[in-house]
Amino acid sequence: MNLGSLIAICIVQASPSSEVHGIASFRHGLAFSDPKSHQVKHYSSVSGVSVLAGNGTEGRGRGSAKSSNFMQPSGLCSELDSNLFLCDLASRRDFHHHRT
């Protein structure tokens, strides 16, 4: 994936069951928040779309990355391709995901 290219390509698109909000470069791909599914997902050209965090139910973010739940995940920021920071608008909480 060449993010410096002048060619625009649609990598991930919203659908009736998903929405794309915050986007951050992460782990050789893109991480994005999906408020409709209450999850944070990852896209790579090799494996497609996978879930990084969130079990798909609405909640206040308790649990490990895969078992946690979010109300309205939105803003994302990555640090050194190993840390991902998420803001959940509806619960007014910030989350940190550390690469293991």
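Visitor: Which residues make up the largest nonpolar core?

Guide: In this predicted model, the largest nonpolar core has 10 residues in all, namely Ala-24, Phe-26, Ala-31, Val-40, Leu-52, Ala-53, Phe-70, Leu-76, Leu-84 and Leu-86. The elements that contribute two or more residues to this core are β1 (23–26), β4 (48–53) and β6 (83–88).

Visitor: If I select Leu-76, what is Leu-76 in contact with, leaving aside its neighbours within four places in sequence?

Guide: With those neighbours set aside, the contacts of Leu-76 include Ala-24, Ala-31, Val-40, Leu-84 and Leu-86, each of which is listed in the core. Gly-22, Ile-23, Phe-32, Ser-33 and Phe-85 are also in contact with Leu-76. For the protein as a whole, residues 24 or more positions apart account for 28% of the contacts with a separation of 6 or more, and 38% of the 100 residues count as buried.

Visitor: How many helices and strands does the protein have, and what pattern does the protein follow along the sequence?

Guide: There are 0 helices and 7 strands, so that the pattern, read along the sequence, is β-β-β-β-β-β-β.

Visitor: How should I read the pairing of strands, and what is the order of the open sheet of 4 strands?

Guide: As a general idea, strands of a sheet pair through backbone hydrogen bonds, and the pairing is either parallel or antiparallel. Here the open sheet of 4 strands is ordered β1-β2-β3-β4, and its pairing is antiparallel. The edge strands are β1 and β4, each of which pairs on one side only, while neighbouring strands of this sheet are turned against each other by 30° on average, with direction ignored.

Visitor: How many bridges join β1 to β2, and which residue stands opposite Phe-26?

Guide: Strand β2 covers residues 29–34 and is joined to β1 by 4 bridges, the two strands running antiparallel. Phe-26 has Gly-29 of β2 opposite, and Phe-26 is also one of the core residues.

Visitor: In which sense do β5 and β6 pair, and what lies between the strands of their hairpin?

Guide: Strand β5, residues 73–79, pairs with β6 over 5 bridges in the antiparallel sense, with Ser-78 standing opposite Leu-84 in β6. The hairpin of these two strands has 3 residues between them, and in this hairpin Leu-80 takes a positive phi near 55°.

Visitor: How many salt bridges does a search of the whole structure find, and are Asp-34 and Lys-41 buried or exposed?

Guide: The search finds 1 salt bridge, in which the side chains of Asp-34 and Lys-41 meet at 3.0 Å, N to O. Asp-34 is buried, with a relative accessible area of 0%, and Lys-41 also counts as buried, at 13% relative accessibility.

Definitions and conventions
Residues are numbered from 1 along each chain as its sequence is written. This is a predicted model: local features need pLDDT of at least 70, side-chain atom pairs count only at pLDDT 80 or more; totals for chains, interfaces and linings use all residues. Side-chain values use heavy atoms; hydrogens and water are left out. A nonpolar core is a set of buried Ala, Val, Leu, Ile, Met, Phe, Trp, Tyr and Cys residues joined through side-chain atoms within 4.5 Å. Buried means under 20% relative accessible area, exposed over 50%, partly exposed in between (1.4 Å probe, protein chains only). Contact means heavy atoms within 4.5 Å. A salt bridge is a side-chain nitrogen of Lys or Arg within 4 Å of a carboxyl oxygen of Asp or Glu. Two strands pair if DSSP finds at least two bridges between them. Axes are lines fitted to C-alpha atoms, for helices over the stretch in contact, and angles run from 0 to 180 degrees between N-to-C directions.
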